[in-house]
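This report sets out the architecture and selected local contacts of one protein model. The sequence and structure are displayed first.

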Amino acid sequence: MRTFTVVAALVLILGLPSPSTARSTNRVGATPTTTTLTVVPNPSVAGQPVTLTATVSPGDGTAGIPSGTVQFLQPDGAPFGAPQLLSNGQASAPAWAYAGTYSVRAAYSGDATFATSTGSVDMVVDRADTTTTVSSSANPVSVGGTLSLTIVVSTAAPGDVAPGGMVGIVMNGLDVSGPIPLFDYTATASAVVVRVPTEFVAQAGSATVAARYDGDANTRPSQSDGFTQSVTGPTPAPTPVPTAQPTPAPSPAPTAQPTPKPPTTATALSAMTATLTRALARRGLSALTTTTQRLSVAGPGTLVQRVYSPAASASATTSAAKPVLIANASRAFSAAGTGTIRLRLTASGRKAVRKGKALKIEIVSRFTNSSGADVTSSKKLTVKPHAKAASWAFARLVAPGPPTPPRPFDAFMR
């Protein structure tokens, strides 16, 4: 059994150079010695077995081979394992660690001839690579049928840890699920079964489906290949073609007069915003950037929509002030007609979404016509991070064979 003190850190993989070494010498009234400590391989990746080797040699060219023991020490100075007997001046011990950089030491005990000494080395441990796969329970699936997706994230060798980050479902390039937790599956893989909401299979069609893994302190992000999920249904009966009837001669029609279009109103802005608020209620914060809103305008002008948290300042509804702006969008209309907008997150917005907490927001929509007159609508609400959890059901994927006991996170052991 082998474990290692954990300090999670991100370390760039730099390849596998020659073993790293460091030396220090200590005279204690006898023949001085030098202890050299190496780690192979170094750097390694999370969970990968490594070998610590301490080599003790006379420090002043004196003949002879030191005997005695070497005690390997954790980064905090605590010993791990029992002292190891020197054999031909060397002692070794197996080890592994989670991602981070550790200063490991070896202390030589000395003997009747040779003095004590210590050596140290920085042990660098990278995050391990991962692979993500996603599969469908039914492809094609019938309209209104039951559909689930199985996501498995595996750690690539020589890494030997289970992925512990979040996954998500991506359809046609858009995140449609928000963060989904993984469950233990095997020692080096984690998985989850996701039941797809009924609205995604309500009508015939197809979508490209993939899964992404966000990574964690010990494993790197990855994304699966996409596949085409099809939803099939009965072909509608053709519409009967009516029998042609003789067309009477048209009567002279009066000259049509243009109907004046009503001005764009706050009610129209509120109706547009309602599309977004309903989506936020169903899907949580992920709906901010995946919801398309439509507005019909009476003439040329500019539509601006901003989302603030926790709420807009008193001046935000009439000016460009940005107290805590988390998302925004704009569209210019060159003439009367209908147009769409979709919000984009700001840096503050991305940070708020990553926190995964409920968020109080205010949506401020403003349309300014070509003469400079504007109309404004605002809506305050609290958005839950995963409001869709009731629709996206998560289940543990049961691993084959007996369960693997968890590995300790806080001690060295041989």
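Buried means under 20% relative accessible area, exposed over 50%, and partly exposed in between (1.4 Å probe, protein chains only). Strands (E, at least two residues) and helices (H or I, at least four) are DSSP runs, numbered from the N terminus.

Strand 7 pairs with strand 4 (residues 50–58) in the antiparallel sense, over six bridges; two strands pair if DSSP finds at least two bridges between them. Within this pairing, Pro94 of strand 7 has Thr51 opposite.

## Basis of the model and overall content

The model is predicted: local features need pLDDT of at least 70 and side-chain atom pairs count only at pLDDT 80 or more, whereas totals for chains, interfaces and linings use all residues. Residues are numbered from 1 along each chain as its sequence is written, and side-chain values use heavy atoms, with hydrogens and water left out.

The protein has 28 strands and two helices. Of its 414 residues, 40% are buried. Contact means heavy atoms within 4.5 Å; among contacts between residues at least 6 apart in sequence, 67% join residues at least 24 apart. The protein exposes about 21400 Å², of which carbon and sulfur atoms supply 56%. Such accessible areas come from the Shrake-Rupley method with a 1.4 Å probe; for residues, only the protein chains shown count as cover.

Five strands, in the order 3-9-8-5-6, form an open sheet with mixed pairing. Its edges are strand 3 (44–45) and strand 6 (84–85), each of which pairs on one side only. Strand 5 (residues 69–73) runs antiparallel to strand 6 and is joined to it by two bridges. Thr69 stands opposite Leu85 of strand 6.

The loop between strand 5 and strand 6 contains Ala82. This residue has a relative accessible area of 46% and is therefore partly exposed. The C-alpha atom of Ala82 is separated by 6.9 Å from that of Gln71, eleven residues apart along the chain.

## Surroundings of Thr155

Thr155 belongs to strand 12 (residues 148–155). Its relative accessibility is 9%, so Thr155 counts as buried. A polar atom of the Thr155 side chain lies 2.6 Å from the backbone oxygen of Val161.

Not counting residues up to four places away in sequence, Thr155 touches Ala128, Asp129, Thr130, Asp160, Val161, Ala162, Pro163, Thr188 and Thr219.

## Aromatic pairs

There are three aromatic pairs in the structure. Rings of Phe, Tyr and Trp (its six-membered ring) pair if their centres lie within 6.5 Å; planes under 30 degrees apart count as stacked, over 60 as edge-to-face and the rest as tilted. One of the pairs joins Trp96 and Tyr98 edge-to-face, at 5.0 Å centre to centre and 80° between the planes. Trp96 and Tyr98 are both buried.

Phe333 and Phe367 are also edge-to-face, because their ring centres are 6.1 Å apart and their planes meet at 70°. This pair links distant parts of the chain, with Phe333 in strand 23 (residues 325–333) and Phe367 in strand 26 (residues 359–369), 34 residues apart. Both Phe333 and Phe367 are buried. Arg331 lies over the face of Phe333, 5.5 Å from the ring centre; a charge sits over a ring if NZ of Lys or CZ of Arg is within 6 Å of the ring centre and within 35 degrees of the ring normal.

Conventions:
Polar contact = N/O pair within 3.5 Å; in protein donor to acceptor, adjacent residues only side chain to side chain.
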